[in-house]
Amino acid sequence: RVKNLHKGVLLIRFEMPFKVQCLRCQSYIAQGVRYDADKKKVGNYFSSPIYEFSMHCRAVVGHEKSVDGRVYCNQQFVIRTDPRNGDYELAEGLRRKVEAWDPADSEGISFTDPAIRSKMEADPMFRIEQTQRDAAKEARDKERARELEALQLDREDAYALNSVLRRANREKRKREAAEEEARLEAGLPNFCLPLQPHDPEDAREAAAVAFR
């Protein structure tokens, strides 16, 4: 990891800061994916250093789409820090995946825009209607939260019962295995009637018998 340190290059583990797309194979790379990257300093923004990270795409695309005819894409990625904007600059080989979403699609909280806020301040009736709609949505959200909590409790109870059942089955299997092992060690019976355990008194009486 320090073999190129004399050139100012350090091999590190780089974690993708956001979702990106490879410009060669068009594969998406999720935020948090880690790469072995070469890190080097390429400049300064005032007193803040600018670092450059170089790595290669590891998506499996086949020999036709690969840069060097191998299995992996191997497109070079170059990412630089941007201290001016507090962000990263995608310099080569990839682009940022921008995802836009509407809070209404996920039933999230949508903030009131300035126009509606001004209308609410000017029109008391509109403010009441808007407040009632917000209250109704809040009630629905609370009811949904209670349903999810009840479902979670049911699942926890089922898990506890399942754990008890599995524990009882394990103990039963161990007991049956011990009985089977004892039966195999005892061997097959020699008589139809079960034999009594050995008694030293019986041995002494048998030794005292004299046969003529």
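1. A quick word on terms: a residue is buried when its relative accessible area is under 20%, exposed when over 50%, and partly exposed in between (1.4 Å probe, protein chains only). Bear in mind that this is a predicted model, where local features need pLDDT of at least 70, side-chain atom pairs count only at pLDDT 80 or more, and totals for chains, interfaces and linings use all residues. Residues are numbered from 1 along each chain as its sequence is written, and side-chain values use heavy atoms, with hydrogens and water left out.

2. On to the cysteines. Cysteine 22 is buried, at 0% relative accessible area, and cysteine 73 is buried too, at 0%. With a disulfide taken as a pair of cysteine sulfur atoms within 2.5 Å, the count is zero. For cysteine 22, the nearest cysteine sulfur belongs to cysteine 25, 3.6 Å away. Cysteine 73 has its closest cysteine sulfur in cysteine 25 as well, at 3.8 Å, which is too far for a bond.

3. Now the sheet. Strands here are DSSP runs (E, at least two residues), numbered from the N terminus, and two of them pair if DSSP finds at least two bridges between them. Five strands make an open sheet in the order S1-S4-S5-S6-S7, paired antiparallel. S1 (10-15) and S7 (87-92) are at the edges with a single partner strand each, so one side of each has no neighbour in the sheet.

4. A closer look at one pair: strand S6 (residues 76-82) runs antiparallel to S7, and five bridges join them. Threonine 81 sits opposite tyrosine 88 in S7.

5. Finally, valine 71 lies in the loop between strand S5 (48-56) and S6. Valine 71 is partly exposed, with a relative accessible area of 38%.

Conventions. Helices (H or I, at least four residues) and strands (E, at least two) are DSSP runs, numbered from the N terminus.
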